[in-house]
Amino acid sequence: MMHAILRPTARVTTLVAGVALACLAAQPGLLAQRGAGAPAQGPPASAWAAAPIDLTGYWVSIVNEDWRWRMVTPPKGDTASVPLNPRGTQAAAAWDPATDGSCQAYGMAGLMRMPTRLHITWADDHTLKIETDNGEQTRLLHFDAAQPGPKSLQGFSRAEWDRGEGSVPLPLAGRGAPGGGNVGRVNPRAGGDLKVMTTDLSGGWLRRNGVPYSADATVTEYFDRFPVPDGSEWFAVTTIVHDPMYLQQDFITSSHFRREPDGAKWAPTPCKATT
């Protein structure tokens, strides 16, 4: 069954501001830079400095839905819940089971549905990097004016902070450092989420049994981080695949990840090279 999860749209402005000021109060240096109780002046110095949520660290996917399509390779022709048009159904029916494990299944449009661990860091002040151990893929999310290159499995991802009303950036201290693997402490959320739009894809599979998406596909994602009652931190990524070649309507999924304390369980395994 396909699940469409509505992303949050309402933000509790008063609570957000209180959390942010409490964080700043614990760091007098930042208050001195901004002036006690005064809003930040001018645009933020970088995407890293402006981040309303901290996604850095190690995360593991929680497969709490669609287990039979995500944990194992489905049988040939099992396209249930994917809104394929006749052309897409025909392409899925042509899948060769001998290609199971191909990197085509690890393209951007299907990657976040794979059972995998993620390592998220800042490559630099304006580029968030997502690495997977399953398939050994790397995504770069660009907040700056970088331009697309040739079409590729991961495509070109343009990112922006999608803020709720009244949200403010998190304090700089404790955040995963740009250009490094520092995980940093878990900061309280200060409102907003991450929106990513990906183009310039070379095509691939939405599932490991060859359910296709084409080079005409575009993908929009929303990342939302949240705490749960047991004290752990999670994020959900809502993925919207738009493909006029193979889909009769958008394919929408919501995938969940739980934060891990370190990289002790990180176990990179490559996919089969795409031919």
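Predicted model: local features only at pLDDT ≥ 70, side-chain atom pairs only at ≥ 80, totals over all residues.

**Buried charges**

I checked where they come from: Glu-65 is in the loop between strand 1 and helix 4, and Arg-113 is in the loop between helix 6 and strand 2.

Asp-66 lies in the loop between strand 1 (57-62) and helix 4. Is Asp-66 buried or exposed? Asp-66 counts as buried because its relative accessibility is 14%, and the cut-off for buried is under 20%.

How many salt bridges does a search of the whole structure find? I get 6. I wrote down two more of them.

Glu-221 and Arg-139 meet through their side chains at 2.6 Å, N to O. Glu-221 lies in strand 10 (residues 218-227) and Arg-139 in strand 5 (residues 138-142), so this pair ties together parts that are 82 residues apart in sequence. Both Glu-221 and Arg-139 are buried.

Arg-225 and Glu-233 also meet in a salt bridge, at 3.0 Å from N to O. I found both Arg-225 and Glu-233 buried as well.

**Whole-chain numbers**

Next I stepped back to the overall picture. I count 6 helices and 13 strands in the protein. Of its 275 residues, 48% are buried. The accessible surface comes to about 12500 Å², and carbon and sulfur atoms account for 58% of that. I also looked at contacts between residues at least 6 apart in sequence: 68% of these join residues at least 24 apart.

**Nonpolar cores**

The largest nonpolar core has 24 residues. Which residues have the most contacts inside it? I noted Trp-161, Leu-194, Phe-223 and Phe-235. The elements giving two or more residues to this core are helix 3 (47-50), strand 2 (117-124), strand 3 (127-132), strand 6 (156-162), strand 7 and strand 11 (233-242). Helix 3 supplies the largest share, 4 residues. Apart from this core lies another, of 14 residues, among them Val-82, Ala-92, Val-211 and Val-241.

I then followed Leu-194. Not counting residues up to four places away in sequence, Leu-194 touches a list that includes Ile-53, Leu-128, Ala-159, Trp-161 and Phe-223. Glu-221, from the salt bridge with Arg-139, is also one of the residues that Leu-194 touches.

Ala-159 was my next stop, in strand 6. Ala-159 counts as buried because its relative accessibility is 7%. Beyond four places in sequence, the contacts of Ala-159 include Leu-141, Phe-143, Leu-194 and Val-196. I also checked one C-alpha separation: Ala-159 and Tyr-222 are 63 residues apart along the chain, with their C-alpha atoms 9.9 Å apart.

Ser-46 lies in the loop between helix 2 (28-34) and helix 3. At 5% relative accessibility, I put Ser-46 down as buried. What does its side chain reach? The side chain of Ser-46 reaches the backbone nitrogen of Ala-49, at 3.0 Å. Leaving aside neighbours within four places, Ser-46 is in contact with Asp-125 and His-126.

Thr-116 lies in the loop between helix 6 (108-111) and strand 2. Thr-116 is buried, with a relative accessible area of 4%. Its side chain makes a polar contact with the side chain of Asp-133, at 3.0 Å. Past its neighbours within four places, Thr-116 is in contact with residues including Trp-59, Ser-61, Asn-134 and Phe-257.

**Outside**

Last, I went to the surface. Trp-67, Met-71 and Val-72 form a nonpolar patch there, with about 280 Å² of accessible area together. Met-71 is in the loop between helix 4 (67-70) and helix 5 (86-93). Met-71 counts as partly exposed because its relative accessibility is 34%.

I also flagged Asp-200, where phi is near 60°, a positive value in a residue other than glycine. Asp-200 is in the loop between strand 7 (193-199) and strand 8 (204-205). With 23% relative accessibility, Asp-200 counts as partly exposed.

Key
Residues numbered from 1 in each chain as written. Heavy atoms only, no water. Patch = residues over 30% accessible without salt bridge, like charges linked within 9 Å, V, L, I, M, F, W, Y side chains within 5 Å. Areas by Shrake-Rupley, 256 points an atom, 1.4 Å probe, with all protein chains shown as cover. Salt bridge = Lys/Arg side-chain N within 4 Å of Asp/Glu carboxyl O. Buried < 20%, exposed > 50% of the residue type's maximum accessible area, 1.4 Å probe, protein only. Contact = heavy atoms within 4.5 Å. Core = buried A, V, L, I, M, F, W, Y, C linked by side-chain atoms within 4.5 Å. Polar contact = N/O pair within 3.5 Å; in protein donor to acceptor, adjacent residues only side chain to side chain.
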